[in-house]
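This report describes selected features of a single structural model. The sequence and structure are shown first, and the description follows.

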Amino acid sequence: MVSADFSVHSGAAFSAAIGNDRLDRLSDYPFTRLANLLAGVTPRANVAPVVLTVGEPQHTPPALIDETLRANTAGWGKYPPVGGTPEFRAAAGDWLTRRYGLPTGLLHAESSLLPVSGTREALFMLALLAVPPHKAGKQPAVLMPNPFYAPYEGAAVMAGAEPVFLPGTRATGFLPDLDALTPELLERTALFYLCTPANPQGAAASAAYLAKAIGLARDYGFVLAVDECYAEIYLDRPPIGALEVAASLPHGGAPWSNLLVFHSLSKRSSAAGLRSGFVAGDPALIGRFSRLRSYANAGMPLPVVAASTALWRDEAHVEENRRLYRAKFAAAEAELQGRYGYYRPDGGFFLWLEVGDGEEAAKRLWAEGAVRVLPGGYLAHSVPGEPNPGAAFIRVALVQDAETVGQACAAIVRILG
């Protein structure tokens, strides 16, 4: 009989023996880095802290959520299907058609749309679907903007690809420069994550930009994953969507080929805790994604599916949401206009402020004003021979009420000068 004595195996030895060392190639998550940065900094005791780091909406979620959950309690006792319900797919598909002016009947929600438990897990899992062992005889590349949403990098690395960080600076309009992509890189590209409106800069891609990105995906045989989770938070006009552009291109009956778009209720409906979104696009990719997710995904609970269905069918709460964000931007603009490179973003609820040294600014704001912001360098990756494109910035999430936002922005000016 073998003794069950595991005391000789330390955690380090265990990892070295059987762990996946790809995980060790990832930097710490941005908020872990921020906690470490501010660990020894104590704000003034007489100042109430204002947290403007996490993009977590603070608006009261629509009453429609609770009402629908209570009306569908029987669903808690059932295993949820990966594809959700026909009602959910129809509601999300109808919303896409309305929002982006798609020709009636062009998007077949039954074959071209899947619910996801928040877009983070789906964006991450997509790399397992899209990245082959080799592309053009080389290690596959996964392209992403720089700054970027951390799960893009995690997905690329864990799938065995090389993450390629494409600068999204003021000089490039805060989006990757598609003309700078070489044929050699494109030939081994398996997946391109594109966020529009961009997180954190808020820049929305134009129709011409999206048409070029879609064309490259088709010409070079990679998946274009367009993260549109901030598309419903805008100040002036609704950002253009990738499906909208794809529908206008010659497509030979396959309008969504090589294309997937991701949408979420977290920002649109102030329902981050619902963990609800969807992915839509190329039916061949959706079919394969559904198969993969049947192995790895637990599925969205049916009461949540029902609540999500109701939210995708309702626009009144979204219009009220936008009204509240417009008030916050007005409060911020009153304090920041003409300072730190302030501009009105095309979408989203972040400010991307140039302050010289993001880390130093974050420490000063926390110590002197109890205002917690995120250093921009934590959302970007240093590339050999180039400066970190976020190092001089801070990201400010306008998630508190308008009065608090105004006071926090006034504190930023007072403290940073």
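V371 is buried, with a relative accessible area of 2%; buried means under 20% relative accessible area, exposed over 50% and partly exposed in between (1.4 Å probe, protein chains only). The model is a predicted one, in which local features need pLDDT of at least 70, side-chain atom pairs count only at pLDDT 80 or more, and totals for chains, interfaces and linings use all residues. Residues are numbered from 1 along each chain as its sequence is written, and side-chain values use heavy atoms, with hydrogens and water left out.

Strand β10 contains V371; helices (H or I, at least four residues) and strands (E, at least two) are DSSP runs, numbered from the N terminus. Not counting residues up to four places away in sequence, V371 touches V50, L52, L365, W366, A408 and A411, where contact means heavy atoms within 4.5 Å. From V371 to G241 the separation is 130 residues in sequence and 34 Å in space, C-alpha to C-alpha.

## Helix α2

The buried residues of α2 include P30, L34, L37 and L38. Viewed down the axis of α2, its buried residues fall within an arc of 80°, so they line one face of the helix; the arc is that of the directions from the helix axis to the C-beta atoms. Among the elements covering these buried residues are α7, α15 (358–369), β10 (371–372) and β11 (374–375).

## Largest pocket

The largest pocket holds about 490 Å³ of space. On a 1 Å grid over the protein atoms alone, a pocket is an open set of points where a 1.4 Å probe fits, with protein on both sides within 12 Å along at least five of seven lines; lining residues have an atom within 4 Å of a point. Grid points are joined across faces, edges and corners, and the volume is the space filled by probe spheres set on the points.

Of the 28 lining residues, G55, R120, Y149, Y230 and K267 are the closest to the centre of the pocket. At least two lining residues come from each of α2 (30–38), α6 (119–130), α7 (150–158) and α11 (265–268).

## Cysteines and S308

Zero disulfides, that is, pairs of cysteine sulfur atoms within 2.5 Å, are present in the structure. For C195, the nearest cysteine sulfur is that of C229, 7.2 Å away. C195 is buried at a relative accessible area of 5%, and C229 is buried at 10%.

S308, in helix α13 (residues 302–312), is buried with a relative accessible area of 0%. Leaving aside neighbours within four places in sequence, S308 contacts F88, L265, L274, S276 and M300.
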